[in-house]
Amino acid sequence: MDDFGQQLEEMVTRSLQIVAAGVAIVGSISGKALWAPQIPELPYCEKIFGVTAGIGLAILYAHSKFANWDFELIAAVTCIVGVVFAVIYVYLRIRLCFKCKDDETVYTVGLKLKAHANKVLAGDFAGLPEEYVGAGMTRPADERDYFCKSGKDKGFIWEIWSYALAQLLLFIAYGLAMVPLTWALFAATIAASQVELQITESATQTRIELPADVLFDFDRADIRPDATKALENAAALIKERAVKVVTIEGHTDAKGTPEYNQKLSERRAAAIYDWFVGRDELREVKFTSRGFGAARPNAPNVKQDGSDNPGGRQKNRRVEIILNKE
């Protein structure tokens, strides 16, 4: 992958993250959406969720660049939490929300009826003032029917604290569904962009291969901040297997002069060497580094007709971490 190709890949990855964040935040703050809770007393609830989601996305993005977080685990956990509360929210929405006939407004039921409402719903009108019964009112079908036929005053039908509690449950369930799902979607795009270790086993060694385009910027030997996750995984494998001797090899493609490629491969191998040597848990491991330039390709640098082979050159730009078995 050349400089333009690498920049294009990064641009596509970032674009997917922006799209994921945009879709998720819009879902969180869309007060007019059918799935959002209709709570006139809390007109800014969706904005609260949007701000919370946005802060979380900023934290995830920052840590994707400078910290070693397991974004697959984050995506899985937040997805599970979001799905669970999405189911709870749907249930609460069906149970607590309703519309009156010829009225598109979404109302919320309270959790406890007032004493007179219980009597009316039981068909017992004896001793009730006319305002509780209503002129010529027959027994309502249910509490929603009573609400719709008696002026649509929530405080007339339900205890006001129980009405507030019902709205709070909707508010919390919606927030704990949409915000974690927002984070899950964004974390999943980060996890998808992280490199996986390519491990090859033999009788005498374990060979870990990492693409140089992931570890380094084009034509550079400084380790990218977002490459630390792959290196952390390699370090964990070295420690887990109690390896004592590790060799780090740098390789390039054939583009450029042999002298330049040799030096670049050596610098990149040395950068990975320095990263591992600085790990306290690997103090007992003996590390060495060396560069081979373009001398040991994994794939042809040119096609059979002599034209450039970008895919082959990309496979050749790599760092190999060799764990020697005793």
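This is a predicted model: local features need pLDDT of at least 70, side-chain atom pairs count only at pLDDT 80 or more; totals for chains, interfaces and linings use all residues.
I took a disulfide to be a pair of cysteine sulfur atoms within 2.5 Å. Residues are numbered from 1 along each chain as its sequence is written, and side-chain values use heavy atoms, with hydrogens and water left out.

Entry on the cysteines. I searched the whole structure and found one disulfide, formed by C100 and C148 with their sulfur atoms 2.0 Å apart. I noted -85 degrees about the S-S bond, which makes this link left-handed. The pair joins distant parts of the chain, 48 residues apart, with C100 in the loop between β1 (97–98) and β2 (107–108) and C148 in helix α6 (residues 143–149); helices (H or I, at least four residues) and strands (E, at least two) are DSSP runs, numbered from the N terminus. For burial I used relative accessible area with a 1.4 Å probe and protein chains only: buried is under 20%, exposed over 50%, partly exposed in between. C100 counts as buried because its relative accessibility is 5%, and C148 counts as partly exposed because its value is 24%.

Entry on H251. I located H251 in strand β5 (residues 245–251), and at 2% relative accessibility I recorded H251 as buried. Leaving aside neighbours within four places in sequence, I listed its contacts (heavy atoms within 4.5 Å), among them S265, F292, R296 and E320. The C-alpha atoms of H251 and K315 are separated by 9.7 Å, although the two lie 64 residues apart along the chain.
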